[in-house]
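Hello,

Here is the structure I promised to pass on to you. Have a look at it first, and then read on for what I found.

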Amino acid sequence: MKEITTMKRLLALALSAMMVLSMAACSTDGGSSSSAAENSSSAAEPQEKITVQVGGLKGPTAMGMVKLMEDDAAGTTYSDYEFTLAGAPDEITAKVITGELDIAAVPTNVASVLYNKTEGQVEIAALNTLGVLYLVETGDGIQSVEDLRGKTIYSTGKGSTPEFALNYILEQNGLTVGTDVFVEYKSEHAELASLLAAGQADIAVLPQPFVTSVLTQNENVRIALDLTAEWDKVTTDGSKLTMGALVVRSDFAKEHPEALA
């Protein structure tokens, strides 16, 4: 419950910052649902409640679950829910593969990994998080990606969407990680946010709502680069920085279409 309460507080703090992103994610969601979600959209109300095991990562990937958590606690949902919140993707993927979780909010690259590892037994139900990554700094020395040359960046999400997005943007701007710029990874968003707020990190990549949290705690920290905008600058195929997806076990989707809907 402490973790859920923390997420609620972060949501309230970052509501204004997330409003536009949430609207955009909802728009994307409508056009990106899997066949399982589409087939179940017109399903009737379930005859009896089942308990759905739902997982997600702390931060923007699972931020959209807060309303569902509140409704579940109030007993107003069609199904009952048990939530698992984790700090790292591998904590969630293992539980999805073994069937301990029915539905999970994960980074988009993790959704792809799950699909392949399970040979299609896990599928995407929706895209729920667009670009919410920002490069923040103490001071005003970073005005462009080139200004990162020779610098050390702190980040989270190693082996996940933040790492891949950051590396791609750096490479497309002629910077090689490990040679031109250095990246040190922390295990969780909250850990890195605390370092920034305390002035123990100068340059960092963080998602909302942690960015807003840091800005309210340390007036010397500012947003230097919007990585979604930087992504758009270096892509020519119309792709968008999509960070999070909602995945569902195919068996669960077939057996409980009403609950999925």
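Isoleucine 103 counts as buried because its relative accessibility is 11%, below the 20% that marks the limit for buried. Please keep in mind that this is a predicted model. You will find isoleucine 103 in strand E3, which covers residues 103-107. What does isoleucine 103 touch, leaving aside its neighbours within four places in sequence? Its contacts are Val52, Gln53, Val54 and Gly55, together with Leu246, Val247, Val248, Phe252 and Leu260. From the C-alpha atom of isoleucine 103 to that of isoleucine 124, 21 residues apart along the chain, the separation is 9.7 Å.

Next, a pair of helices. H7 (residues 161-172) and H10 (residues 227-234) have axes that come within 10 Å and cross at roughly 50 degrees, so the two helices are oblique to each other. The crossing of H7 past H10 is left-handed. On the H7 side the contact is made by Ala165, Leu166, Tyr168, Ile169 and Gln172, and on the H10 side by Leu227, Glu230, Trp231 and Val234. Of these contact residues, 7 are nonpolar, 1 is polar and 1 is charged.

Technical notes:
Residues are numbered from 1 along each chain as its sequence is written. This is a predicted model: local features need pLDDT of at least 70, side-chain atom pairs count only at pLDDT 80 or more; totals for chains, interfaces and linings use all residues. Side-chain values use heavy atoms; hydrogens and water are left out. Axes are lines fitted to C-alpha atoms, for helices over the stretch in contact, and angles run from 0 to 180 degrees between N-to-C directions. Helices (H or I, at least four residues) and strands (E, at least two) are DSSP runs, numbered from the N terminus. Angles under 35 degrees count as roughly parallel, over 145 as roughly antiparallel, 65 to 115 as roughly perpendicular and the rest as oblique. A crossing is left-handed if the near helix is turned anticlockwise from the far one by less than a right angle, and right-handed if clockwise. Contact means heavy atoms within 4.5 Å. Ala, Val, Leu, Ile, Met, Phe, Trp, Tyr, Cys and Pro count as nonpolar, Asp, Glu, Lys and Arg as charged, and the others, Gly among them, as polar. Buried means under 20% relative accessible area, exposed over 50%, partly exposed in between (1.4 Å probe, protein chains only).
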